Structures are given as structure tokens and as C-alpha cells.
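Welcome! Take a look at it first, and then we can walk through it together.

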Amino acid sequence: MIGCTRIELSGNPFVDTGLGVIASLTGLSDINDLALSHLYKVHGNGDQLTRWNSRLKSFTQIFGTNNPLYQYSYGFKKGKGPSEVNIAVYKSTLEGLLSAIPKLGTGERCWACGSPSSFDFAQICRKAVEASNLKAPKNKVVGRDWFPLAGSLGSDAQSLPAASRPPHICPRCLLAVHYLPLGLILLNGRLAVFQSTSQKFWYELICDIVNVYKGRVDSGDYETLGAKEGGRAFVERLLALFERLRREAHPDIPEALYVWRFTNSGASPDCAVEEIPDPALRFLSKAAGEGLRHDIMSLMASEGKGPQYSLYQCILDGRDYPKLYPEGKRKGASPKLYAIYQTCIRDHSAKALHAAHKLARTVSSEISEKELKRMQRREAFREMSVRNQFRAIMARMTIEGQFTLDEYLDLFPLKEGRGITVEWDGWNIVRFYLHHANEDFTAIETEQQDGKEPCHLLLYCAGQIYRMAQLRIGEAWNNKESKSKKLNIRCRKRAKDSAVFLFTVDQTVLAQFSIPTTILQGNNILEAYKRIISAKDSSVKGSKATDFKIKDLKVGMRKVNLKARVLEIPEPRMVYTAWGTDAHVSNALIADETGKVRMSLWNEQINMVSEGDSIKVENAKVARFKGELQLRIGRNGSLSTME
Ligand SMILES: [Zn+2]
């Protein structure tokens with residue numbers, strides 16, 4: 001039976017979208033089940049399609065006004081719409097197409113689907129026009145009034161090779177594209193249809209679009225989807241689709257979705273194919289799965305007119321999306337949404353985000369509220385002084401074992417092909433977390449391999465050299481030069497505000513850079529940095545320290561008050577500190593009724609307490625040392641004995 005003949009997809013996005021609409025109107029869950037009988041059933045006598053197409057704006061956007069349904073010579077009137085003649089000619093042409101479908105089999109191949117057909121389009125048109133007692137046009141060919149981009153030149157429409165002559169298109173494909181007005185959207189001023197590596201996903205997208213059109217038409221709204229909404233409406237649509245597919249436990253996330261954006265009207269019909277790449281789709285799918293659809297929509301609601309900084313364009317280009325960041329009264333993205341964006345779209349590791357959060361938390365607790373506000377500004381890190389202030393704390397954390405070179409390189413990876421220049425992104429990530437420093441880090445699952453490749457050997461070396469060099473830059477500053485077997489540091493220029501240093505190893509120049517005088521006015525860089533930061537500490541407001549029990553301590557806690565008994569004070573060790581001084585340290589063991597913990601005692605602190613003493617620790621912090629928790633008193637904390 002002819003009706004059982006399956007209708008295969010053609011590979012032409014216009015035809016296939018039309019077929020998708022037909023399948024969707026039939027209620028098919030799998031488009032591969034589409035058969036001719038469905039087409040007959042949906043089309044019926046053509047009344048419904050004609051009614052839709054005489055109202056839907058998308059119809060004229062696709063087919064222009066030369067189509068019989070809109071031709072003035074058949075009685076079409078602006079404001080009133082198609083006349084009975086318009087409708088009759090259009091409907092009987094569609095009928096002619098429908099009845100020609102079973103006659104396929106021999107003849108020239110259809111340019112859209114490849115099926116051979118000796119179908120005569122002109123004859124069908126002539127019959128339809130003459131049936132209304134009108135004079136039929138001579139040699140009617142398939143033009144843009146019947147098939148998108150037909151006869152157009154110089155376009156991306158690969159579907160229509162050598163498009164300079166009228167295409168030969170089979171009646172099935174011609175009929176299918178007249179369902180297109182219910183299956184496409186306007187995207188940044190152009191009509192868009194889709195193709196995808198996942199047929200299921202593609203079909204579900206069409207079903208969603210068809211459903212919206214049906215709902216709209218029922219309420220008398222004939223506007224094209226996406227008109228005046230830009231990429232925003234499309235992103236919303238994709239999010240809603242992903243949400244639904246996730247709800248239905250549908251695993252099929254396409255690797256890519258292609259958007260055919262075309263214009264079929266005016267003097268220059270044109271088509272461009274855009275790819276919505278895999279990371280963008282993963283981001284949308286993941287965000288939808290985490291219930292963040294409304295968060296994203298509220299971010300997009302504040303988008304300006306320019307499509308350049310829209311979420312749609314940013315995820316397409318893999319760029320950072322400005323609205324993620326808090327600004328003024330806008331709160332920006334939630335840490336969860338931010339993390340999903342950065343890992344999917346920007347390819348940052350979860351480790352890098354964690355490192356940024358850790359830094360932000362420490363820095364925000366050590367600077368004044370005013371300083372914090374300054375650092376949170378959009379352009380803050382463009383200022384060298386702000387970056388330096390931040391780096392100083394980063395350096396101190398490194399020395400205290402709270403921040404590693406690996407973490408640094410996760411956050412500030414090397415810029416490819418740019419020597420030891422690092423990516424700027426790290427500063428933006430830090431800035432985001434400066435707004436969320438008081439919240440716990442939001443961990444997210446990532447599919448990506450965590451952490452980048454082992455970092456560049458050069459940087460490891462630089463790290464090593466830096467640890468040594470920091471002690472000797474001061475010497476070079478004071479004496480013009482600091483020589484050693486390995487590394488020479490020469491002060492090449494001393495100005496009022498800064499000095500330029502040249503680093504060489506065996507006469508090979510390693511680096512040359514300037515260091516501000518303010519930093520050099522000390523025994524070494526870090527000492528000076530520390531002083532600058534200390535001076536700012538006096539203005540720290542922040543929260544009050546809290547009483548804790550040992551069992552509740554966690555790495556990263558600050559402002560910890562604790563009462564405990566000293567169990568053990570091991571023999572102090574001599575250590576050479578990064579400040580270039582000697583120090584004694586003992587890793588004491590203290591306990592309360594809930595547990596035990598190590599606590600570092602430095603220099604005179606060691607003699608302040610004895611084993612068996614009850615002690616009071618105030619304003620301490622919790623770090624990890626050699627795999628164990630360690631309580632640290634730090635320069636803001638205090639230690640005293642209790643009776
Ligand atoms: Zn065809």
C-alpha cells in the first residue's frame with residue numbers, strides 16, 4: 001500500500017524541518033516512523049495548513065508575497081489577508097503536489113532529496129490557476145515563492161548546487177516545506193532551521209517549536225518565534241528542551257547543533273550555517289539539569305541590544321559571559337552556574353575554581369571592606385597595584401603552605417606561544433569569588449580531566465629560582481649586584497619609584513623586570529609586601545572570632561577560638577624561613593574533650609606553655625600540614641595559659 005511508504009529524511013534542512021513538523025503534528029514520537037499515510041492524514045483537504053499559512057508571519061518571511069496565497073492579482077488585500085481566490089489557488093496547488101507524490105519513480109533526481117521524479121510543476125500550477133478561471137502563468141518554475149532559496153546564487157545553501165537555474169524539486173519535498181512556517185524561529189534577524197548530530201534531539205526541538213506555534217495560533221498570535229527576542233529566546237527554548245529531556249531521562253545530548261540562518265526575501269536571499277558546538281550544548285544541558293534555567297533567564301533579561309555580548313553569542317564563541325559577574329545591583333551568576341559555565345565553556349578545571357575561591361576567601365578576610373569593594377570592581381585587576389596587593393597575599397599563602405605552584409598554574413595557565421605570560425582569565429575568576437568569599441565552595445561534577453597537563457618545566461625552574469631570588473633582590477638593590485654560582489641579579493637602573501633588575505645564569509639572560517621601590521624597602525620583597533598588608537590589616541573589620549571544639553575544625557577556617565590542654569611539645573626544630581631568618585618551631589599536640597589537633601608554636605610561643613597546661617587560643621586559623629590538620633596562631637592570633 002502506498003500509504004505505508006516510509007518517508008525518509010532528505011538531508012535538506014528545509015525539507016526535513018517540514019517533515020519534522022508533519023511528524024510532530026501527527027504525534028509521532030520517532031520521526032523514522034513517518035509514512036505517507038501520516039502526510040495524508042495531517043494534510044487532509046489542506047484547509048488547516050492554508051489557514052495557518054494565510055496568517056503566520058513566518059510564511060511570508062519564507063516565501064515572500066509572490067506565492068499565490070499572497071498575490072494581489074488574485075485579490076489579496078493588506079489588512080484583510082488572502083481572498084477566496086488566493087486560498088483556492090494555493091490549496092489546489094498543494095492538492096496537486098499531494099496527488100503527484102505516489103507517481104515518483106523515474107526522471108530527474110530531486111535536488112533536495114535525490115528521489116527521481118518526472119514531475120511537472122508548471123502543469124500542476126496551471127491546473128490550479130485555471131480551476132479558478134484565471135489565466136495561468138507561462139512556464140512556471142520552482143522559485144522562492146515555493147521553495148526557500150530556490151534559484152538564488154552565492155549562498156551557503158549546499159542543498160541547492162548550481163542554484164543559478166530553477167531547481168527540480170519533487171512534489172513531496174515541495175509540500176513538506178510548506179509546513180516550515182510552524183517549525184522555524186527568527187534568530188538575530190534571520191530565519192533559522194536546524195540540523196543535528198542527534199536526530200532525536202533535533203526532532204524534539206522541532207516538536208517544541210511546533211507546540212509553541214500551535215499554542216500561539218490558538219490564541220490569535222501569528223508572530224514568528226524569536227522575533228525581537230534575539231538569541232535569548234532560542235537559548236530559553238534549548239534550556240526548556242534540555243530540562244524536559246533530562247526529566248524524561250533522555251541521555252541523548254547532541255555533539256553539535258547546526259543552525260541554518262537564512263533570508264529568502266528581498267534582493268539577496270542568503271544562508272549561513274552556524275554551529276552550536278559541543279561545549280555550549282553541554283553547558284545548557286548541565287545547567288538545565290541542575291535546575292538553573294530560571295537563573296540563566298534572569299541573567300539574560302539584563303542583556304543589552306548588541307548580540308555580541310549575549311549569552312547565545314558567548315557560548316557560540318566560547319567567550320566569557322559578562323553577565324556572570326556581579327555589577328552594581330545585579331548579583332551575577334550563582335557560584336554553581338558560574339562553575340558550570342567556566343568548566344564547560346571556558347575549559348577551566350574545577351581545581352582552578354577551587355584555588356580562586358581559596359585565594360578570594362583568604363584575601364577578603366585580610367583586607368578592609370573598602371579594599372574588598374575596590375577589588376570586586378570590573379576593572380579592578382587592570383590596576384597593577386591591585387594585582388600586586390593580591391599577589392602579596394598569594395605569595396604569603398604559598399610560604400605558609402596554603403597555596404601551591406600547581407594551584408597557581410591551574411588558575412593562571414600559560415598563554416600558548418607567549419613565553420611565560422599567563423592567561424588573564426584567572427583574575428576574572430578570582431574577582432567572581434571575591435563576591436562569594438563567605439560562602440563555601442560549590443563543587444560541581446566535571447567530565448573533564450581535572451587539572452591541566454603538568455606545567456611547563458620553565459615555570460618550575462622559575463619557581464625554584466624565585467624562592468632563591470627573593471632573598472637576593474634586596475641585596476642587588478642595595479649593592480647593584482648579587483652574585484652566585486647559579487644566578488646573577490644585577491640592578492640595572494634605579495629610579496625614584498622603581499628599579500630594574502636583570503637576571504642571568506651563566507651569562508644567559510633569564511629575565512628582566514622592574515620592581516616598585518615600595519616593595520624593595522625591606523630586606524626582601526616578601527617582607528615589604530607583608531608590611532604593606534599589615535598596615536592595611538589595622539582597618540580589617542570582618543566578623544568576630546568564634547568558639548570551637550576540636551572535632552569541628554576544618555581546613556581553611558579562620559578566627560577560631562579554642563580552649564584546650566597541651567599534651568605534648570616536641571623538641572623544636574630550626575627552620576630557615578622564607579623571610580630569610582631563622583626560627584624555631586614545634587608542632588605541639590593539644591586536646592579538648594572532643595579530640596586532638598596539632599598546633600604550631602613559633603619561637604617564644606614555645607616557652608610560653610608547658611605540657612599539661614590549659615591554654616586559650618584566640619583568632620587562630622586551621623591549615624593542613626603533612627596531611628594533618630594544624631592550628632595556626634598567626635600574627636592576628638593570640639595564645640595564653642589559663643589557671
Ligand atoms: Zn524531493
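Leaving aside its neighbours within four places in sequence, which residues is cysteine 173 in contact with? The answer is Ser10, Val15, Cys110, Ala112 and Cys113, where contact means C-beta atoms, placed from the backbone, within 7 Å. This is a predicted model, in which local features need pLDDT of at least 70, side-chain atom pairs count only at pLDDT 80 or more, and totals for chains, interfaces and linings use all residues. Residues are numbered from 1 along each chain as its sequence is written.

**The cores**
- Cys173 and Ala356 have the most contacts inside the largest nonpolar core, which has 132 residues.
- A nonpolar core is a set of buried Ala, Val, Leu, Ile, Met, Phe, Trp, Tyr and Cys residues joined through C-beta atoms within 7 Å; buried means that 20 or more other C-beta atoms lie within 10 Å of a residue's own.
- With 9 residues, helix α8 (199–218) gives the most to this core; helices are DSSP runs of H or I, at least four residues, and strands are runs of E, at least two, numbered from the N terminus.
- Domain 1 (2–276) and domain 2 (348–448) both contribute residues, so this core lies between them; the domain bounds come from an automatic or database assignment.

**The sheet**
- Four strands form an open antiparallel sheet in the order β1-β2-β3-β4, where strands pair if DSSP finds at least two bridges between them.
- The edge strands, β1 (185–187) and β4 (270–276), each pair on one side only.
- Strands β2 (190–196) and β3 (257–263) are joined by 6 bridges, and valine 193 stands opposite tryptophan 260 in β3.

Terms used:
A residue is buried if 20 or more other C-beta atoms lie within 10 Å of its own, exposed if 12 or fewer, and partly exposed in between; C-beta atoms are placed from the backbone. Two residues are in contact if their C-beta atoms, placed from the backbone, lie within 7 Å.
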